Amino acid sequence: MSRSLVLPTLLILGGCMAPPPSPPRLAECTRLFAMWARYEQHWTFHHTGQRARAELALDACQHGRYDDGIAELKRLLRRGGFVIAD
């Protein structure tokens with residue numbers, strides 16, 4: 001009887017897993033985060049909340065929400081004076 005429950009359980013768990021990462025989109029997100037981290041003001045002395053937003057954007061990309069994460073990182077970079085193409 002327990003064998004008959006294994007397949008439905010695996011199917012349910014498989015549907016809850018995050019989608020596999022998309023290497024080009026994840027690479028773009030990581031590149032934008034690295035650019036922001038390199039050129040942004042010192043994180044310790046300027047508490048503007050941008051660090052949290054940038055880290056959450058990177059986390060969104062790592063969990064498959066590329067559009068949200070990339071858009072937020074581009075917004076942060078534009079706020080810092082960067083010209084970023086869409």
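Is R51 buried, partly exposed or exposed? At 42% relative accessibility, R51 counts as partly exposed, where buried means under 20% relative accessible area, exposed over 50% and partly exposed in between, with a 1.4 Å probe and protein chains only.

## Basis of the model

This is a predicted model, in which local features need pLDDT of at least 70 and side-chain atom pairs count only at pLDDT 80 or more, while totals for chains, interfaces and linings use all residues. Residues are numbered from 1 along each chain as its sequence is written, and side-chain values use heavy atoms, with hydrogens and water left out.

## Salt bridges

A search of the whole structure finds five salt bridges, a salt bridge being a side-chain nitrogen of Lys or Arg within 4 Å of a carboxyl oxygen of Asp or Glu. One of them pairs R51 with E55, the closest N and O atoms lying 3.1 Å apart. E55 is partly exposed, at 37% relative accessibility. Because E55 and R51 are four residues apart in helix α3, about one helical turn separates them; helices here are DSSP runs (H or I, at least four residues), as strands are (E, at least two), numbered from the N terminus.

Another salt bridge joins E72 to R53, with 3.6 Å between the closest N and O atoms. This pair links distant parts of the chain, since E72 belongs to helix α4 and R53 to helix α3, 19 residues apart. R53 counts as partly exposed at 30% relative accessibility.

## Packing of α3 and α4

Two packed helices are described by the angle between their axes and the distance between the axes. For α3 and α4 the angle is about 150° and the axes are 7 Å apart, the axes being lines fitted to C-alpha atoms, for helices over the stretch in contact, with angles running from 0 to 180 degrees between N-to-C directions. The angle makes α3 roughly antiparallel to α4, because angles over 145 degrees count as roughly antiparallel, under 35 as roughly parallel, 65 to 115 as roughly perpendicular and the rest as oblique.

The contact (heavy atoms within 4.5 Å) is made by residues including Q50, R53 and A54 of α3 and E72, R75, L76 and R79 of α4.

## Q50 and its surroundings

Q50 is in helix α3, which spans residues 50-62, and is buried, with a relative accessible area of 6%. Leaving aside residues up to four places away in sequence, Q50 touches W36, E40, L76 and R79.

## K74 and E28

K74 lies in helix α4 (residues 66-79) and counts as buried at 10% relative accessibility. With residues up to four places away in sequence not counted, K74 touches E28, L32, I84, A85 and D86.

E28 is found in helix α2 (residues 23-39) and is partly exposed, with a relative accessible area of 24%. Not counting residues up to four places away in sequence, E28 touches I70 and K74. The C-alpha atoms of E28 and I70 are separated by 7.7 Å, although these residues are 42 residues apart along the chain.
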